[in-house]
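Visitor: I am new to reading protein models. Can we take the features one at a time?

Guide: Gladly. Take a look first, then ask.

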Amino acid sequence: MWAGGTAKTELLSRFEKSLYDLIRGLRNHKGSEREYIQDSIKECRKEIRSQDMDLKATALLKLTYLEMFGHDMSWASFNVLEVMSSQKYLQKRVGYLGAVQSFRPDTEVLMLAENLLKKAWTRSLDDLNSPLPPTISLPLVAIPHVINPSMANSLLSDLLPRLIHSQPAIRKKTIVTLYRLALVYPETLRPAWPKIKERLLDENEDPSVTAAIINVVCELGWRRPQDFLPLAPRLFDLLVQGGNNWMAIKIIKLFATLTPLEPRLVKKLLPPLTSLIKTTPAMSLLYECVNGIIQGGILDGAAGTTEGDEVARLCVGKLRGMLVVEGDANLRYVALLAFNKIVISHPQLVSLHQDVILECIDDPDVSIRLRALDLVVGMVNSDNLAAIVGRLMRQLRNAPIVSTTQDPANDRGAYEGIVPTADPDDAEAEESLRRREKTSDQPPPLPEEYRINVIRRTLEMCSRDTYVNINDFEWYIDILVQLVRYTPATVRSSVDTADSTSGPTSDSKPDMGYEIGLELQNVAVRVRSVRQEATRAAQSLVLVDGRESMFPASGNGGQGVLESAVWIVGEYADLLPDPDATMTSLLHVSTAQLPARLLAVYIQAVPKVFTSLASNQGVSWTAHRKSTIILLMARIVHFLEPLATHPSLEVQERAVEYLELMRLASEAALGQDPEVNGNGFVDPPLLLTQAMPSLFTGVELNPVARGAQKKVPLPDDLDLDLPINENLSMILQLVGSDLRPESDEDDVFDFYNKRPQPQPQVAATAADRLEPSAPKVASYQQGTEDQYLDPDILARRKAERAERYKDDPFYIDSSRNS
C-alpha cells in the first residue's frame, strides 16, 4: 500500500507545473494573464496540501512568485511552516523564502515560527564543522523581516552566542540581525553592544565582519553620536588603513556626526581625507570625502588657515572635474549638491567655476537644472549678475512650453535598454535591444514649476540685500517687463472674485506676475532716478492695445503684475508719457470683469490720472478745455456707476466715493464760464486745480529700513510698565458685571435697545394704486407673511396698514363695517 501511494505521487508530480512552467505560461497567455493566474493559484492550493514535501515546496515557490505580483498568500502561512521544518536544505530554503515574502509581525503562526527557529539553531550546534552553517544563515536572514518586540526578547539569548561563531559569515549576519532587533526592541543593545564593540576592537577580526559592524555603528550613530565618540581612535585607524572603499565611506559619514562633538577631530582628520581626495580613483569615495569635509564642519573649522584654503581649493577642483564628466548625470547632480554646501562659506571660490556651473543650467535633466539654479543664486555678485540673468532669460525664451505628447518633436528621450520579448511558440524568451531614439535639436520643454522657480530665483538674485548687486536699474526694469511675458498661466481661485484683500492664495498656483509687480513697485518707490522709466514700463503693461505683446499669448499668466502697475501709474501720474491712453485703458469695458482686488486698485488710480490731466493752472479755461474735461468726467461717471453695486464691499466703497467726487467736479466745471473770443485768461475751477490734487498730494512715500524703529531712542520720561489708566481694573470689572451706570439711560441707549413706535405714513394716491402691477410668478420659495412672521409682528403690521388706509375710500377692509 505504501509503495503504491509513492508511485502514484511520483506519477502525479510528473504532470505538475514547475516555477519555470508557470513563468512560460504567463508569457504565453498575453491578454488573459488574470485567468491563468487564478487557475494556477487553484492548482497551488491543491498541491500545497499534498503529503509530498517536494510537491509542497514547488507549490510554495510558485505562490511566492505570484505574491510578488500582488496575490495574497497569507492563507498558506501554516504550509510555509511545514516546508520550513523540512530536513532537506533546498526545501527549507524555499520555506524561509516564503516566510520572508509573506510573514508579517502580526501573522498568527509567528509564535510557532519562533519555536521552529530555536530548534533550527539547536540542531546546528551539534557539529560546528558540519555543513550546517548555511542552515543557520536561513533564520538569520529571515528574522529581520518578521521580527516583533516579543520575538526579539525571546530570540536575543539565542543570537548572542552566534557573535563568536567560527564562521565569519555567521558573525556578520548575526550583527546585522541584532541591529534589526535593536530597532524594534531597544533593550537589545544592553547585552549586545559590549560583544559587538569587542568584535570591532579586535584587529584580527575578519574584514567583512568589521565592515558589518561599521555599517551598524553608522546607522546608530546619527541617532546618539555621543555614545560612539570613544570609538574614534579605532575608526581613525580603519580609515587610515583603507582597503575597503565602502567601509571608508561609512566611517567618513560617521566622523561627520562626531566632529561637532569633538572639534579636535578636525585637525586629526584633515590629512587622511586630503590624501584620499588626491589619490582615490573611486568617484563615490571622492564625493563622500568632500561631503564629509563639508558636513562635518572640517572646512569651516579650518577656515582662515593655509590647510583650510588648500582643502577648499582641492574640493572645488575635484567637484569641477565631476561636472565635466560626460554621460554621468548622477555624478553632476551630487557635485552640484556639494557645490551648494561650499558656496555658503566660499562663494568667491565657487564663482571662479561659473563657466561649468552655467552649462548645467541648460542640462536636459530638469533636476540638474534646479540644483544649478540653487547654486548660481549663492554665488551671484555685481560682476556676474547680468551674465547669469541673461542666461536664464534666454532659456525661458528659447525653450518650448508644450509637452512631448502635444509635439513629438520635443521628445528628447534617448535610452538604450533591454526589452524582454517572447513568442508564444518559442521555447525560450529572447532579449532585444531597443534602438536609440532620434534626438531632437530643440531645447527640452520646461515644466511650469521650473519656469516659476527660474522667475522667482531671478527676482531673488536681483533684489538681494536691497539691490546691492544691480548697477543699472533701467536694465532691471527691462528684465521685469520681459519676465511678465514668460510667466505661466495661473488657476484663478474663487477668492479672486470675492472681497479679498490678501495676496495670492495657497490653494492655487502662484502668480509670479504678482511678485514681478511688487519688484517694479519697489524700484519705483526706492530709486528716484529711474522712477520715470518705471512709470513708463508700468504704462506699457496697463495699456490695452499692448497686452498682446506684453503678456503671454495663451493663458492668464502675468496678470498679477497689473495691480502694482496700475498703482504706479496712479501714484506717479505726472510722469506718464501718455496719460490720455492710460486713462482710456483704465476705463476700458474689460476692466469691470477684473477680480475685485485688482478692480479696487483701478478705481483708485482713475481720479489720480484724471487729476494730472485736469489740474493744470497755467492753461486758460477755454471752451475746448471745458468740453474735453466734462466729456472725460462723463466717461468716468459712466464707468463708476455700475461698480456702485459691485459684490465686493471694497469696490463699492471706492466707486461710490469717487462717483460723488466726479459728479461734484462736473457741476463745478459746468458752472465755470469759459474764455470767449480771447477775452483774457480765465482760471479753471478751483475744485479741479486745488481741491482734488490736494487729495492725492502731500508727504512723499519713502522707503523705511526694517531696523529704523529700533534706532529711535526711548524717551527718558516714558515708563512702559505704568498703566495708561489707573482705574483700568475697575473699568474691566464694571464691563464684566450686569450693573449699568445710570448715565447710560440716554437717547443712545434707547435708540439701540427699545423698539420704535410705529409712525403714520402718508397714504398713496388712488391713481398710484390703480396702476397695474407686474404679475408675480408663484414659486415654492415664496410664501405668505404668516408662514415666516410671528403673530405679534403680523398684528402690528395689520394695525399699521389699517391706520394708513383708514381715510381711503378705495381701500376695502374686510374687518371694517360697511
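Visitor: How many helices and strands are there in the protein?

Guide: Start with the secondary structure. This is a predicted model, and the protein has 38 helices and two strands.

Visitor: What percentage of the residues count as buried?

Guide: Burial is read from relative accessible area, and under 20% counts as buried. Of the 818 residues here, 40% pass that test.

Visitor: And the accessible surface of the protein: what does it come to, and how much belongs to carbon and sulfur atoms?

Guide: The total is about 47,200 Å². Carbon and sulfur atoms account for 54% of that area.

Visitor: What share of the contacts joins residues 24 or more positions apart?

Guide: Here we look at contacts with a separation of 6 or more. Among those in this protein, 69% link residues 24 or more positions apart.

Visitor: Now rings. How many aromatic pairs does the count come to?

Guide: Two rings pair if their centres lie within 6.5 Å. The count for this model is six aromatic pairs. One of them joins Tyr467 and Phe473, with 5.8 Å from centre to centre. Their planes stand at 70°. Over 60 degrees counts as edge-to-face, so this pair gets that name.

Visitor: Are Tyr467 and Phe473 buried or exposed?

Guide: Tyr467 has 7% relative accessibility, so it counts as buried. Phe473 is at 19%, and therefore also counts as buried.

Visitor: How are the rings of Tyr467 and Tyr476 arranged?

Guide: Their centres lie 5.9 Å apart. The planes meet at 55°, so this pair is tilted. Tyr476 is buried, because its relative accessibility is 0%.

Visitor: Which ring does the charged end of Arg45 sit over?

Guide: A charge can sit over the face of a ring, so check the distance to the ring centre and the angle to the ring normal. Here the charged end of Arg45 lies over the ring of Trp75. The distance to the ring centre is 4.0 Å.

Visitor: Last topic: cysteines. How many disulfides does the structure hold?

Guide: Look for two cysteine sulfur atoms within 2.5 Å. This structure holds zero disulfides.

Technical notes
Residues are numbered from 1 along each chain as its sequence is written. This is a predicted model: local features need pLDDT of at least 70, side-chain atom pairs count only at pLDDT 80 or more; totals for chains, interfaces and linings use all residues. Side-chain values use heavy atoms; hydrogens and water are left out. Rings of Phe, Tyr and Trp (its six-membered ring) pair if their centres lie within 6.5 Å; planes under 30 degrees apart count as stacked, over 60 as edge-to-face and the rest as tilted. Buried means under 20% relative accessible area, exposed over 50%, partly exposed in between (1.4 Å probe, protein chains only). A charge sits over a ring if NZ of Lys or CZ of Arg is within 6 Å of the ring centre and within 35 degrees of the ring normal. Helices (H or I, at least four residues) and strands (E, at least two) are DSSP runs, numbered from the N terminus. Contact means heavy atoms within 4.5 Å. Accessible areas come from the Shrake-Rupley method with a 1.4 Å probe; for residues, only the protein chains shown count as cover.
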